[in-house]
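Please keep the sequence and the structure in view while reading.

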Amino acid sequence: MGSISVLLVGKVLPYLEQELDKRYNLFRGIDPSQRAAVLRDHAASIRAVVASSSGGPDAALIEALPKLEIVSSFSVGVDRIDLQKCKEKGVRVTNTPDVLTDEVADLTIGLILAVLRRICECDRYVRSGNWKKGDYKLTTKFSGKTLGILGLGRIGAAVAKRAEGFDCSICYYSRNEKPDSKYKYYPSVVELASNCDVLVVACPLTSETHHIINREVINALGPKGVLINIGRGKHVDEPELVSALLEGRLGGAGLDVFEKEPHVPEELFGLENVVLLPHVGSATVETRTAMADLVLDNLEAHFLGKPLLTPLV
Amino acid sequence: MAEEEKVEGLQQLKHENQDLPQVLVLGSPTCLQTLKQLYSHKFRFLIPNTSLDSLYPLTAPLSSISAVICSASFSLTAPVLRLLPSLRLVVTTSAGTDHIDLNECGCRGIQVAGAGKLFSEEVADMAVGLLIDVMRRVSAADRFVRTSCEAATWDFPLGYKISGKRIGIVGLGSIGMEVAKRLECFGCTILYHSKHKKSAVSYPFYNSVIDLAATSNALVLCCALNEETRHIVNREVMLALGKEGFIVNVGRGSLIDEKQLVKFLMDGEIGGAALDVFEDEPNVPKELLSMDNVVLTPHCAAFTSECIIKLCELVAGNIEASLSDKPLITQFRPSRVFYSSARLVLVPSCSPSSFW
C-alpha cells in the first residue's frame, strides 16, 4: 500500500503520523501553504484524507481531489468535514466514536469539580505563597447538585453515569426525548438551563446546534449556574459568554473548546470562576493511541475492500 | 453583631446576659464567623488574642471554662489542656482528632466530639477532583492556556486515563467509601487497605500498603493520622506504586514521608501527586511549587459554603448536649486501651463515623 497517496490535513498524534508515513505515500497539508503546494503537484493522485478536530476537508478541498475515496478523521466530531459533499461524491467518512467516550466524560467531571471547588485557583493560591497569609475561601459543593446535559449521546450518557456517583439529579435536552431514559427531559435548552446547576454541552456541532448556548440560555443558567463545554467552541456564543462572566450573570465556566482555537478571549484570564483547557478531552496516551489505531484500521479495511469499522458516510 | 471587647487577653462579646455558657475557641476555625453570627445568643465565645501559654498562671475565665472548640490547626496538647482544669468537652471542627491528646482527655474524663461524617461527601468530591486533575493535568493545562495566548498551536503533554484504572484506597472509612462509590461509576476497580478487612464490603482487601501500591495505578489516602499510620506511605510504598503511579492525599500530611515524596517526584520515580495536606502547614516544600505533575491545595477539601452551616449546627448541638448531660451527637470514642511503657494509650474507635 506504500504507493497509495494520503493527505494529512489536521494535527494528529505523532505515532499516527509515523504509521501513515510508513504505510502510505503521505503528504502533509496542515499548513495552508504546505497544502497549496501538495495540491498543485499531487491532487490527482490523493485517494485518502486524514482529518482531525483541528482541520478537515471542506467542499473546496473535496472538489480538488478527483480520486478521493475516503476521509478518516482522528476525532469523533466531524464538523470540519463537509459531509454533504462527501455523500454527493461517494466519499466514505470514518471517525473515532466510543474509544474516547470515557476519557471525555472523565475530564467533564474533572472540569466541573475544578470550577465548583476552585481547584486550579487553590493550586495558584498555594504556589503564590498566599496560604501563609490565610485560608482559601469557601467553595461550592458538587455532590447532590442538578446536572443538565445538552445531548444525551454516548458522551452525555457517560457523564450522567459518573455524576450519579455524586448523587446528582440528571436532566437533559436532546433533539428527541429518549423513552428509555430514567432522566428528566426538558423540551428546550432554556428550560434545561433554568432547571439545573451545571449545564454540560455534549452534542455534535451542526448548523442547528451552532451557538445553541446563547444569551437567553446563559441568563437562564444564571449567576450561580456553571457552563461546561466539552463539545465544540461554536456551540457557544463566545462574546456573550465572556460578557456574562464579566458581569456576573453566569456563575462560572469550564471550557475545553473555543470558537477559534488556539485563541482564547483574554478577558477570561483574570477570572477565578473559569477553568480553561487546550482541547484535551481525549488527550491521554491510551485513548489517542486507540484513536490512531482506529484511523489506521479504517483506512486499511477500505483499501483491502473490507467493511469499514466506524463509518459515518 | 454585639461589640467585642478585650478582657484579660481574651476577646469576647459584650453581653447583657453574662450567664451564657462560655466557650473557648482555639485555632481560628473557618466556621468561627458563622458560629458567632448564629449562636452568640446561646454562648459567650472567648477567643485568645495571644497563645494560651502566655496566660499562665490562670486567669479567672480559663479556670471555669468547661467547653472548648478547636480547629485542626491547633495542637491541643496535655500542657494546654492542663490550663483548663474545669474542661469537660472538646469539640473539634475537623473530622480528624490527631491534633488532640486523646490520652489526656481520656484520663480526665473530657469528652471529645468531632465532625463525624459531616464532610465525607465534600472530601470525597475533592479527592476525585484532585485525582482527575493530577492524572489529566487539569491545573497544569489551565496555567498553560493562560500563559500561551500567542501560541500558533496548542502543544500540551498527554495525560493518563482514569476510567477503568485500579485505585487503591488507604482507609476505607466514611470518606474512603464515598471515594470508592464515585470512582466505581468511572469503571475503576477499587482496592483497599484498612486496619481490618471490612466484611460488608466486596472490594479486594490488601493487608499491606506495599502490596496495594504494587497493584494500583493510584493511591487515595483517606485514613486518620495516628501512631500506626504516620508515614504509612513511605519509600517502599512509593517505589511499589512506580513511575506511572499517582498519590492523592486528603487525610493528613504526615501520612506520607514528605521528604521522600519530594525526592521521588524530582527524580521521576513517581508519576505525580495531588496534595490537600502537608506535614507542616501552611508550609509546602518549595521544590513542589514549580512542578507540573503535582496539584497543591490549601487543606480545604472539607470547606464548602453548604457544609459550614451544618458544621456550626453540629458544634452547637454537641455543646448543648454536653451542658444538658445528654449523649453527644458525634462523640469520638476510644475503642482499645493498651499499655505502652506504663502509659495508658487510647486508640480511636472503628465506628462508622471514624475512618481507619
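Two strands are said to pair if DSSP finds at least two bridges between them, and the strands themselves (E, at least two residues), like the helices (H or I, at least four residues), are DSSP runs numbered from the N terminus. Strand 11 (residues 252-255) of chain A and strand 12 of chain A meet this rule, pairing in the parallel sense over three bridges. In one of these pairings, A:A253 has A:V274 of strand 12 as its bridge partner.

The model is predicted, with local features needing pLDDT of at least 70 and side-chain atom pairs counting only at pLDDT 80 or more, while totals for chains, interfaces and linings use all residues. Residues are numbered from 1 along each chain as its sequence is written, chains are lettered from A and ligands numbered from 1 in the order in which they are written, and side-chain values use heavy atoms, leaving out hydrogens and water.

**The sheet of chain A**

Seven strands of chain A make up an open sheet with parallel pairing, in the order 8-7-6-9-10-11-12. Strand 8 (184-185) and strand 12 (274-276) of chain A each have a single partner strand, so one side of each is left without a neighbour in the sheet.

**Annotated spans of chain A**

| Span of chain A | Distance between end C-alpha atoms | Helix and strand |
|---|---|---|
| Residues 109-281 | 11 Å | 29% helix, 16% strand |
| Residues 9-310 | 20 Å | 37% helix, 15% strand |

**Where the chains meet**

Counting heavy atoms within 4.5 Å as contact, 61 residues of chain B are in contact with 59 residues of chain A. The buried area, which is the accessible area (1.4 Å probe) that two parts lose on being put together, summed over both, is about 5200 Å² between chain B and chain A, and carbon and sulfur atoms give 60% of this area. B:R136, B:R146 and B:W154 supply 16% of the area that chain B buries against chain A, more than any other three residues.

Nine salt bridges (a side-chain nitrogen of Lys or Arg within 4 Å of a carboxyl oxygen of Asp or Glu) are found across this interface of chain B and chain A. One of the salt bridges joins A:E286 and B:K165, whose closest N and O atoms are 2.8 Å apart.
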